[in-house]
Amino acid sequence: MAIKGQGGFGEHHYLRAMKEVVVPVTMTSLVNAAMFGLMGGISDIPAVYLSARCALYSVILLYCAIIFCYPAFCYLDMKRQQQGRKD
């Protein structure tokens, strides 16, 4: 949604759109990581705490992918749109 409503293809439009995306993604990831960390720390059942550990690793890896990969793809797409290419 932030990319669609950016209003242009300049770097300041890109930075403004990314600022709108980073805060909600960070908050969601922190809440999920806290929940899985708590679940893994409290439970004595191996299946539960191992699943929580795997989920915590997944949340961390997905957060890193969103923060580092998604903006790069968006920037490349904005440059493509700016040049008028339809590919």
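**Fold and residues**

Modeller: The protein chain has two helices and zero strands (helices, H or I, are DSSP runs of at least four residues and strands, E, of at least two, numbered from the N terminus). This is a predicted model, where local features need pLDDT of at least 70, side-chain atom pairs count only at pLDDT 80 or more, and totals for chains, interfaces and linings use all residues. Residues are numbered from 1 along each chain as its sequence is written, and side-chain values use heavy atoms, with hydrogens and water left out.

Colleague: How much of the protein chain is buried?

Modeller: Of its 87 residues, 23% are buried. Buried here means under 20% relative accessible area, exposed means over 50%, and partly exposed is in between, with a 1.4 Å probe and protein chains only.

Colleague: What share of the contacts is between residues 24 or more positions apart?

Modeller: In the protein chain, they account for 58% of the contacts with a separation of 6 or more. A contact is heavy atoms within 4.5 Å.

Colleague: OK, H1. How many residues has it, and what does it span?

Modeller: H1 has 32 residues and reaches 46 Å from first C-alpha to last, close to the expected 46 Å at 1.5 Å a residue. The expected span is 1.5 Å times one less than the number of residues.

Colleague: Which H1 residues are buried?

Modeller: His13, Tyr14, Ala17, Met18, Val21, Ser29, Ala33 and Phe36. What covers these buried residues of H1 includes H2.

Colleague: Where do you see a nonpolar patch on the surface?

Modeller: At Val23, Met27 and Leu30, which together have about 310 Å² of accessible area. Patch members need over 30% relative accessible area and no salt bridge; nonpolar side chains (Val, Leu, Ile, Met, Phe, Trp, Tyr) are joined within 5 Å, like charges within 9 Å.

Colleague: Is Leu30 buried or exposed?

Modeller: Leu30, a residue of helix H1, counts as exposed because its relative accessibility is 53%.

Colleague: Switching to charges. How many salt bridges are there in the whole structure?

Modeller: A search finds one. The criterion is a side-chain nitrogen of Lys or Arg within 4 Å of a carboxyl oxygen of Asp or Glu.

Colleague: Which residue does Arg80 form that salt bridge with?

Modeller: Asp77, and the closest N and O atoms are 2.6 Å apart. Side chains of opposite charge can pair when their charged atoms come close. Arg80 and Asp77 are separated by about one helical turn, because they are three residues apart in helix H2.

Colleague: What else does Arg80 touch?

Modeller: Not counting residues up to four places away in sequence, Arg80 touches Arg85, Lys86 and Asp87.

Colleague: And Lys79, where is that?

Modeller: Lys79 lies in helix H2, which covers residues 46-82. Lys79 is partly exposed, with a relative accessible area of 27%. From Lys79 to Glu11 it's 68 residues in sequence and 9.7 Å in space, C-alpha to C-alpha.

Colleague: Where does Ser43 sit?

Modeller: In the loop between helix H1 (11-42) and H2. Ser43 is buried, at 18% relative accessible area.

Colleague: What does the Ser43 side chain reach?

Modeller: The backbone nitrogen of Ile45, at 3.1 Å. Leaving aside neighbours within four places in sequence, Ser43 is in contact with Val48 and Tyr49.

Colleague: What about Tyr49, which residues is it in contact with?

Modeller: With the neighbours within four places left out again, Gly40, Ser43 and Asp44. Tyr49 is found in helix H2 and counts as partly exposed at 26% relative accessibility. The C-alpha atoms of Tyr49 and Gly37, 12 residues apart along the chain, are separated by 8.8 Å.

Terms used
A polar contact is a pair of N or O atoms within 3.5 Å; within protein, one must be able to donate a hydrogen and the other to accept it, and residues adjacent in sequence count only if both atoms are side-chain atoms. Accessible areas come from the Shrake-Rupley method with a 1.4 Å probe; for residues, only the protein chains shown count as cover.
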